[in-house]
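I am opening my notebook on a structure that is new to me, and I will write down what I look up as I go.

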Amino acid sequence: MPRYMAALKYLGVGLVVTLLLGVAITPFSKRLVEQWSRSDVEARSRLVYHAIRSQIATAMADDNVVQLSVSFESVALDQRILAVGLCSDKGELIAPTRMMPATFSCEKVARSEAESFSTIVIDGRRVMVGAFPIVDRTRKAYLVILHDLSFVDVRSSEAQGFMIAALVGMAVMIAGGAALFVVLVLRGWMNALRRAVDDVRSGAAARLPKRDASEIDLQIKKLLSEVETGRHSISSAQIDWSPATLQQLLHSTLPDAEVLIVSNREPYIHNRDGDRIEVQIPASGLVSALEPVMRACGGTWIAHGSGNADRDTVDSHDRIDVPPDQPSYKLRRIWITDDEQDGFYYGFANEGMWPLCHIAFVRPAFRESDWSAYQAINERFAAAVVEEAKTDNPIVLVQDYHFALAPRMIRDKLPKATIITFWHIPWPNAETFSICPWKEQIIDGLLGSTILGFHTQFHCNNFFETVDRFVESRIDREHATVTLNGHETMVRPYPISIEWPPAALDGQPPIETCRREVREALGLAPDVKIAVGIERFDYTKGILDRMRAVDDLLTRQPDWKQRLVFVQVAAPTRSKLSSYSTLQDDAVALAKAINQRHGTDSYKPIVLLIRHHGSRDVFKLFRAADLCVVSSLHDGMNLVAKEFVAARDDEHGVLVLSSFTGASRELSEALIVNPYHVHEMATALDTALRMPAHEQQERMSAMRQQVREWNVYRWAGRMLIDAATSRRRQRILDLAEG
């Protein structure tokens with residue numbers, strides 16, 4: 001008994017010491033968190049200031065309050081930033097953002113020659129105000145950035161909670177040690193107690209049916225452990241995503257998995273040129289993103305055979321091994337007649353779904369005959385998946401708006417398949433999507449997927465809203481799932497990207513060589529600045545808008561004449577549709593008018609190259625350019641912007657990027673513009689052309705890091721990890737039901 005009392009005494013002393021440590025350390029932890037949080041807010045404020053100061057100076061010089069307001073509102077999209085504004089040297093608040101507190105006054109801003117930070121109380125909450133001096137030729141102002149510091153209190157509470165939990169853990173450990181000591185001292189008593197308990201249990205066991213630990217129980221425990229492992233691996237930011245990583249991922253999480261891709265566009269097209277057959281890689285963001293993934297994973301790609309020599313190059317089963325130089329997967333071609341193509345591709349997909357989802361103010365056209373063709377082609381591709389599948393549970397990657405019905409059709413034939421559908425274009429709000437006469441069938445088809453992916457969370461939210469409006473289903477927004485007729489579909493954002501490093505960059509000459517060769521090919525002087533735009537001739541890309549911005553720049557600042565050339569590369573596409581052919585005609589006419597207005601016999605400010613360019617030629621032009629303009633009126637992601645960033649291993653050049661692209665949410669160091677605002681675009685072009693080299697390098701370095709880390713292998717890897725998790729859960733359910 002004395003030893004027992006001594007153990008209790010030691011336990012009491014240990015708890016008291018732990019409590020005293022907690023009282024001493026907790027205030028220190030709070031101060032540490034507050035100091036760290038303040039440093040974090042100050043660093044974020046400086047980053048914002050350096051990112052937009054040139055735009056602010058330009059807008060101040062032009063007295064352009066609209067430009068200031070647009071710039072500030074784009075910055076204020078950051079959830080941590082409460083408000084942004086500009087305080088004039090007279091104490092006037094200019095262009096404040098919508099969340100600027102009504103009680104805020106420029107009189108509260110500390111004015112000095114250098115940046116300053118102060119903490120004030122507004123409406124009962126602490127707010128940090130960062131003030132940064134901005135000087136133009138005639139006046140001085142202060143950029144003010146307000147951060148709501150309420151999150152600091154939350155962090156402090158979390159830190160204190162963690163500290164208390166840690167101290168409680170220490171107390172538990174001390175108590176456990178003391179208890180162990182007591183157990184050793186009182187072993188005789190405990191042995192007697194165990195014998196008594198064993199007697200009771202044996203009597204109870206005799207009255208209960210026996211149940212051995214089954215093999216199924218062990219398997220379920222193992223699978224649950226694997227699911228948790230999968231969840232951890234997806235959150236790891238330290239993975240170097242590459243083809244080898246993707247292959248290892250398939251081997252470790254999806255062993256023996258069969259991968260099939262379904263898309264309208266094929267990765268390699270065979271066309272006859274006289275007596276020769278040439279291989280062409282189409283100018284497609286989808287192909288440039290998926291082809292590296294298939295090279296890494298292997299499998300079968302099912303696509304429409306569109307080349308005039310495609311039939312001559314396949315075997316008796318309509319298959320061919322690709323890539324031609326180093327085959328690593330199979331291409332299965334599906335044949336579509338011209339009439340079917342008119343209804344399925346040109347009709348429903350591109351006169352109906354494309355303008356409906358892009359909201360580019362082109363009226364969608366929906367016809368019964370087109371819908372019938374769309375259904376028939378979706379059935380044909382779904383049947384091809386069943387034919388090509390060697391197992392009953394393949395992983396099927398269904399690509400884009402051409403095959404909205406295919407997931408459900410494949411699910412009906414291969415119920416165990418893991419179907420990942422990725423929607424490469426935007427998904428509009430429910431009100432807009434209600435225009436489609438067959439909206440319920442489209443939604444039902446997509447919900448045949450195991451996983452449905454979009455570029456951004458915004459598009460996911462729009463899809464949830466659409467399902468909620470038109471289909472009777474169960475939506476779990478917390479876990480981002482939709483359950484229809486007992487089948488659950490995960491809805492996730494997977495921002496698509498490009499391979500890193502890009503294959504087109506391999507073997508490229510140095511930057512200076514590219515600049516010299518491109519200027520010689522275009523007949524330009526060595527000191528002429530080159531702006532480029534590269535895409536298909538599509539009305540959603542804003543080609544006419546960027547040309548008008550060049551016109552506006554040369555009109556307002558004629559000193560750029562003879563010193564700036566805008567090169568627009570545009571590959572013809574969907575020329576059967578009047579909206580596309582008209583766009584090409586309009587672009588030619590507009591380029592001619594601008595060249596007549598600002599050009600001479602030896603100088604044309606607009607160079608329009610209407611032909612397909614291979615990826616190596618495109619990257620060479622990117623490397624030669626001083627800036628790249630991506631002015632999409634609405635875009636799911638836009639990979640051209642990322643390709644330009646990847647091409648600039650010299651970390652120079654400026655990206656002018658539309659705010660209506662998914663890429664603008666990732667490449668925030670670009671000059672973000674509203675493509676509908678011609679004057680704003682022209683101002684951004686001028687800012688880009690005058691940007692100092694050190695600022696170009698700072699911006700480009702950050703964007704290259706983003707594209708490097710979030711490359712196409714990571715995009716595919718995240719989907720495959722989610723697929724692996726889903727397959728394991730299904731196996732758990734199957735085992736439990738069995």
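I am working from a predicted model, and I began with strand 19 (residues 564-571) and strand 20 (residues 606-609), which run parallel and are joined by 4 bridges.

Next I turned to an open sheet of 10 strands with mixed pairing, and I recorded the strand order as 10-11-9-6-12-13-14-17-16-15. Strand 10 (319-322) and strand 15 (474-476) each have a single partner strand and stand at the edges, so one side of each has no neighbour in the sheet. From one strand to the next, I noted a twist that averages 20 degrees.

**Two helices in contact**

Last, I looked at helix 18 (residues 615-624) and helix 19 (residues 639-647), whose axes come within 9 Å and cross at roughly 65 degrees. Because of that angle, helix 18 counts as roughly perpendicular to helix 19, and the crossing is right-handed. I listed Phe619, Phe622 and Arg623 of helix 18 as making the contact with Val640, Glu643, Phe644 and Ala647 of helix 19. Sorted by class, this contact has 5 nonpolar and 2 charged residues, with no polar ones.

Definitions and conventions: Residues are numbered from 1 along each chain as its sequence is written. This is a predicted model: local features need pLDDT of at least 70, side-chain atom pairs count only at pLDDT 80 or more; totals for chains, interfaces and linings use all residues. Side-chain values use heavy atoms; hydrogens and water are left out. Axes are lines fitted to C-alpha atoms, for helices over the stretch in contact, and angles run from 0 to 180 degrees between N-to-C directions. Angles under 35 degrees count as roughly parallel, over 145 as roughly antiparallel, 65 to 115 as roughly perpendicular and the rest as oblique. A crossing is left-handed if the near helix is turned anticlockwise from the far one by less than a right angle, and right-handed if clockwise. Contact means heavy atoms within 4.5 Å. Ala, Val, Leu, Ile, Met, Phe, Trp, Tyr, Cys and Pro count as nonpolar, Asp, Glu, Lys and Arg as charged, and the others, Gly among them, as polar. Two strands pair if DSSP finds at least two bridges between them.
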